Amino acid sequence: MGRSVQLAIKTTREMRVVHINRSDARGGASLAASRIVQAQRGIGIDAKLLVGEKLTKAEWVVSIADSPVKKLQLTANFLRDLAAFYPHERNRLERFAFSPALAGFDLSRHPLVREADIIHLHWFNQGFMSVKGLAKIFSLGKPVVWTLHDMWSFTGGCHYSGECESYTIKCGNCPKIIDPAKKDISFTQHKRKKKIYKHAPLSIVTCSKWLGSLAKESSLLRKHPVSSIPNPIDTELYSPCSRSEARERLNIPDDKKIILFGAANVADPRKGMPLLLHALRKMAKGRHASNIRLVIFGKIPANIEEELPFPSHLMHYINDPKVLADLYNSADLFVLPSLEDNLPNTVMEALACGTPVAAFRIGGVPEMVAHGICGYLATPGSAEGLAEGMEHLLFNPDAEDYRRRSREKVRSNFAPELVARRYQELYLSLHEGKMIENA
């Protein structure tokens, strides 16, 4: 080990890092934040995670809502934000596509934040921290790293902008709300962010190069350093095992081809369920239809079975990561029909278990799924292309090669120590008053 690396390890071990995220386990950003903290602690960095909602028993996770009064306040903040957006929402399904960030805790007063050498932000909407609270974090003058899990940081409030590119100039006339206007709520939030970002000691990290390119184009973040570091995954927990044994544990038939689909909320418009249904109906007309079964996990609409063209197993929300690993191992492929996504944990988890992925060529997905190597990437929005991809992966004679290469992709790029070392370099550069920007 060289002297510079030894110095980096010594220095970062002396640093105290506080990560901030609304939860430690609910949702993709929460899982990613927890995995980053675990990876950093694994190489000796003194990292802790400050949350509003603590769902695990990890000793390095600290909840600000540590009393009945504060838990009530977190709920009240969340409801206040919902009430603020309610007059502007287009429909119920898109209620959480936009965050006003008007209510939240003043985290700048928390002991972990006060004692930290570096403050590391993640996803803190839905009543945990407001834009005003973010300004107070910046006012401390400490180096702030912000890992982006969506686009909210550089838009007027939406988490994914779709076809809208107003964030590159200034927001207003927002297509995500029912009452767009020149100076609507997106214009107001964009203006507030611009003011507090101007002199903020802020370093941006994106988990995908795709999101990084958008951040660099945005009017809010283009003057701040942006680097891309992928999320890590526990390659020991999510690893290949006997498919037959995994299916037996889950009571899934061992003589069928299994398509796996899952999301925190299957009905979220961004997750592309209508396109998946279209693709499945096309496959149901093919010669292999009788040999296919579908497994779905996550928050599932009550009447979904009526729309599915194949016999299906509905697993609902999975809390146990070991059961989730079994699900991935039981499948012949994982399908991601999302039209907007960053670096989905589900894709990484599937690949880590050796399960190839069929998806659209969108967002950060091509950085994970190499077409023809560990999965199949269809033209965005093409249900026919997605169906072709699933057929290809299910009945390809090189299926075992796909499984092996899927696992290799994760171990080579997303292993915890690899990711933690990159954050270590970033922290060291900030500690020395310098910046390292990764293209």
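Two strands count as paired if DSSP finds at least two bridges between them. Strands here are DSSP runs of type E with at least two residues, helices are runs of type H or I with at least four, and both are numbered from the N terminus. The model is a predicted one, so local features need pLDDT of at least 70 and side-chain atom pairs count only at pLDDT 80 or more, while totals for chains, interfaces and linings use all residues. Residues are numbered from 1 along each chain as its sequence is written, and side-chain values use heavy atoms, with hydrogens and water left out.

The S4–S5 pair sits in an open sheet of seven strands, ordered S3-S2-S1-S4-S5-S6-S7 with parallel pairing. At the edges are strand S3 (61–63) and strand S7 (226–228), each pairing on one side only. From one strand to the next the twist averages 25°, with axes taken as lines fitted to C-alpha atoms (for helices, over the stretch in contact) and angles running from 0 to 180 degrees between N-to-C directions. As a general point, strands of a sheet pair through backbone hydrogen bonds, either parallel or antiparallel.

Strand S1 (residues 16–20) runs parallel to S4, and four bridges join the two. In that pairing His19 stands opposite His120 in S4. Helices also lie against this sheet. Helix H14 (residues 416–431) packs on it, touching S1, S4, S5, S6 and S7, and its direction makes about 150° with that of S5; contact here means heavy atoms within 4.5 Å. Helix H2 (residues 28–42) lies across S1, strand S2 (46–51), S4 and S5, and runs at about 160° to S2.

Now for S5 itself. Strand S5 (residues 144–148) is mostly covered, with five of its five residues buried. Buried means under 20% relative accessible area, exposed means over 50%, and partly exposed is in between (1.4 Å probe, protein chains only). In a regular strand the side chains alternate between the two faces of the sheet. In S5, Val144, Trp146 and Leu148 point one way, Val145 and Thr147 point the other way, and all are buried. S5 and strand S6 (residues 202–206) pair in the parallel sense over five bridges.

S4, H5 and S5 make a right-handed β-α-β unit, and so do S5, helix H6 (residues 185–197) and S6. Right-handed means that, with the strands pointing away from the viewer, the path from the first strand over the helix to the second runs clockwise.

Two loop residues belong to these units' connections. Ser130 is in the loop between strand S4 (118–121) and helix H5 (131–139). Ser130 counts as buried because its relative accessible area is 6%. Its side chain reaches the backbone nitrogen of Gly133 at 3.0 Å. Leaving out residues up to four places away in sequence, Ser130 touches Ala101, Leu102, Ala103 and Gly104. Lys170, in the loop between S5 and H6, counts as partly exposed because its relative accessible area is 49%. Beyond its neighbours within four places in sequence, Lys170 is in contact with Phe187, His190 and Ser219. Lys170 and Lys285 are 115 residues apart in sequence and 48 Å apart in space, C-alpha to C-alpha.

There is a further open sheet, with six strands in the order S10-S9-S8-S11-S12-S13 and parallel pairing. Its edge strands are strand S10 (312–316) and strand S13 (375–378), each of which pairs on one side only. The twist here averages 20° from one strand to the next. Strand S12 (residues 357–360) pairs with S13 in the parallel sense over four bridges, with Ala359 opposite Leu377 in S13. Helix H10 (residues 321–330) lies across strand S8 (257–265), strand S9 (292–299), S10 and strand S11 (333–336), at about 155° to S9.

Terms used: A polar contact is a pair of N or O atoms within 3.5 Å; within protein, one must be able to donate a hydrogen and the other to accept it, and residues adjacent in sequence count only if both atoms are side-chain atoms.
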